[in-house]
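Please read it beside the sequence and the structure.

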Amino acid sequence: MKNILKNRIMKGVVTEKLGEDLKAHIFKKFGRSFHIREVDTGSCNGCESEIIATTNPIYDIQRFGIDFVASPRHADALLVTGPVSKNMAMALRKTYDAMPEPKFVITLGDCALDGGAFKGSYYVVGGVKEVLPVDLHIPGCPPSPLTIIKSLLAFLDT
Amino acid sequence: MEYRDEIYIDVKPEEFRSKCLELHKKLSSPVMMYFAVDEGPGKKAFSVYCAFLDWAGKRWVLVRMQLPEGQARFESISKDVFSAALFEREMKEMFGLEPEGNPDLRRLHLHEEVWLEGFYPLRKDFIPPERAQKAEGSYRFKKVEGEGIFEVPVGPVHAGIIGPGHFRFSAAGEPVINLEARLGFTHRGVEKLFEKMPSAGSDDAVSFSERVSGDSVFAYSTAYCQAIEKIYGILIPERAQYIRAIYLELERIYNHANDIGGMAVDVGFTFPNAFASIIKEKTLALNEKISGSRYLKGVNTVGGVNRDLGGSERKVLLDFLDGISKDFRELKRMLLSSISFMDRADKTGILKKKTAVDLGIVGLAARASGIPMDLRKTFPGVYSAANFKLVREEEGDVLARLNVRLREIEESVRLIREFARIMAPADISAAKKSAPEAGCGIGYAEGWRGPVLFWIKTDASGRIERCKIVDPSFHNWQGLCFAVLGNIIPDFPLCNKSFDLSYPGNDL
């Protein structure tokens, strides 16, 4: 337990400054909180693993006002992973349509940009931009939790 | 160098069924792999392979038949061997081969709503349908009828940060009477994409295998490399085998930690999950430190590994193990001493041994239902030097699957320590082969979920003619559908997490 707490405190220093900046932006732009709905359109789940990691006690993105919500109705942004399998194109569209305005689409991982390793397959649409307008892309295979937090900060800064 | 862990039995199409049934009985093995190969282009001929595991003989037994030219049907075996059923559905949609006598030929991956009938992606002469052509089919769920019975549809988009799948519950009051999982939402055409790889032995191909299922990166790349090594007759150095085994166990540790936390959170007990997610993060950080990648990408190469585990890395690894064993003891105490947690986990989601055997359940879920199945036992390799102990539980419930994980982590920590102690300094990669060879072979690895299997056929130019992948999830999703019967719907997330099956590995 002790070494976990120690680790937690040491790691916390890495994200603290970043997180405070993020919090200030979110307070200003979204009235305290920024809620994200995640949709997997055929990812290998590597990206999901890193998104979940941003919520663990080491990175703990929630303390800065960013949270992942269970319904698109509660979301400010849609976070999409995967190359968009044909089977998921309609579900992705429907999820987007269910969100209230104003809304953003953020893609995460190399697959979501243009199909990545699965580009040219008979069964992928080839990137989220073929289905929805995209506001931000977070590159990586998968992007690390710190990259995700940094990219969100840069996005909210614009 | 010759590998002796797989044999092929060639039979005539009319003998195929009886031979498969005979082996299924004799070896008491489920159908482990069952797939077709298009022998074209140029000729319209298919062959069909069915693979069983011979535990005692420590080898794979594959029954092979060559269908006559122009014939696209064969006799189904799934009426007698249930574990063959899904594979036949897959052959029907991917190759247009008709397993005669199989009553259920609904599609698995190519959904009726988006894919036209008559286009078979894994045929050599496949041309994708035009964009303008719209499919208008629909899927037929099993119907449960009767007074007071209602359906609960869930998915494909779920509440959590998780892959997509559709679950259709039929319930009367609280207990689930039937659960049907409709999957395939993450189908990306992986097997066909392997056929486009310029060279089977290249790091590009290995790297693609790492992108099939993101939580089993190392199991996938190991199984892939092994298949190619077998075809090319490359014997990898012992040190590389040890390094592969160490990483395979590290992958098991971080995923088991993740699942144990997930099971706690699914009964509303969030503190152990926070604790477990720190353990997972520490393991990923260790992976990055010693291999350069949080998910162990880029470590494997055909012929061995790319990066050695030298003195300083070895020390980091051993220090990590000391810390992690303490953390796990704490986590275990937290869960097993909580009455409300035990109340939810004990006797929930029971998968009986008989059911598990009939369905052909593999890996972790099989071991929790009393089936002593583990490729590390059947094909020990370097594991024999560390005296590997198979972990097994009898109850088949959520608690049993939790206990298998807790005990496997202890075993993994012990194994890694042993491996690190035994392995001697040596080469980590065999010499590259200059000329590619035509041939076929099975590559396998006991991933954290269960056996990850690759069957690969290459041609003389070094390209892949056919790549068949079987993830343990492909067998085990059916196990989940049976385990939840009689349980209440609110216990589904817990049952689901106790199996923690892969969407991308299943859907390919």
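1. Helices (H or I, at least four residues) and strands (E, at least two) are taken as DSSP runs and are numbered from the N terminus. On that basis, Ser28(B) sits in the loop between α1 (13-26) and β2 (33-38) of chain B. The model is a predicted one, in which local features need pLDDT of at least 70 and side-chain atom pairs count only at pLDDT 80 or more, while totals for chains, interfaces and linings use all residues. Residues are numbered from 1 along each chain as its sequence is written, and chains are lettered from A and ligands numbered from 1 in the order in which they are written.

2. Confidence should be noted at the outset. The model has an ipTM of 0.91 and a pTM of 0.93. For chain B, the average pLDDT (the predictor's confidence in each residue, from 0 to 100) is 90, and 99% of the residues score at least 70.

3. Chain A contains 5 helices and 5 strands, and their order along the sequence is α-β-α-β-β-α-β-α-β-α. Of its 158 residues, 46% are buried. A residue is called buried if 20 or more other C-beta atoms lie within 10 Å of its own, exposed if 12 or fewer do, and partly exposed in between, with C-beta atoms placed from the backbone.

4. Two residues are in contact if their C-beta atoms, placed from the backbone, lie within 7 Å. Among the contacts in chain A between residues at least 6 apart in sequence, 80% join residues at least 24 apart.

5. The contact between the two chains involves 37 residues of chain A and 38 residues of chain B. On the chain B side, α3 (190-195), α7 (270-291) and α8 (311-336) each supply at least two residues, and the largest share, 5 residues, comes from α7(B). The chain B side divides into 18 nonpolar, 11 polar and 9 charged residues. Here Ala, Val, Leu, Ile, Met, Phe, Trp, Tyr, Cys and Pro count as nonpolar, Asp, Glu, Lys and Arg as charged, and the others, Gly among them, as polar.

6. How do helices α6 (residues 238-265) and α15 (residues 492-499) of chain B lie relative to each other? Their axes come within 9 Å and cross at roughly 170 degrees, so α6(B) is roughly antiparallel to α15(B). Asp259(B), Gly262(B) and Met263(B) of α6(B) make the contact with Leu494(B), Lys497(B) and Ser498(B) of α15(B). These residues comprise 2 nonpolar, 2 polar and 2 charged. Axes are lines fitted to C-alpha atoms, for helices over the stretch in contact, and angles run from 0 to 180 degrees between N-to-C directions. Angles under 35 degrees count as roughly parallel, over 145 as roughly antiparallel, 65 to 115 as roughly perpendicular and the rest as oblique.

7. The bond from Glu101(A) to Pro102(A) is cis, with omega near -10 degrees, and Pro102(A) belongs to the loop between α3 (86-97) and β4 (104-108) of chain A. The bond from Gly155(B) to Pro156(B) is also cis, with omega near 15 degrees; Pro156(B) is in the loop between β7 (149-154) and β8 (166-172) of chain B.

8. Ser28(B) has a phi of about 35 degrees and counts as partly exposed because it has 14 C-beta neighbours inside 10 Å. Asn387(B), with phi near 55 degrees, lies in the loop between α12 (375-378) and α13 (398-422) of chain B. Asn387(B) has 10 C-beta neighbours inside 10 Å and therefore counts as exposed.
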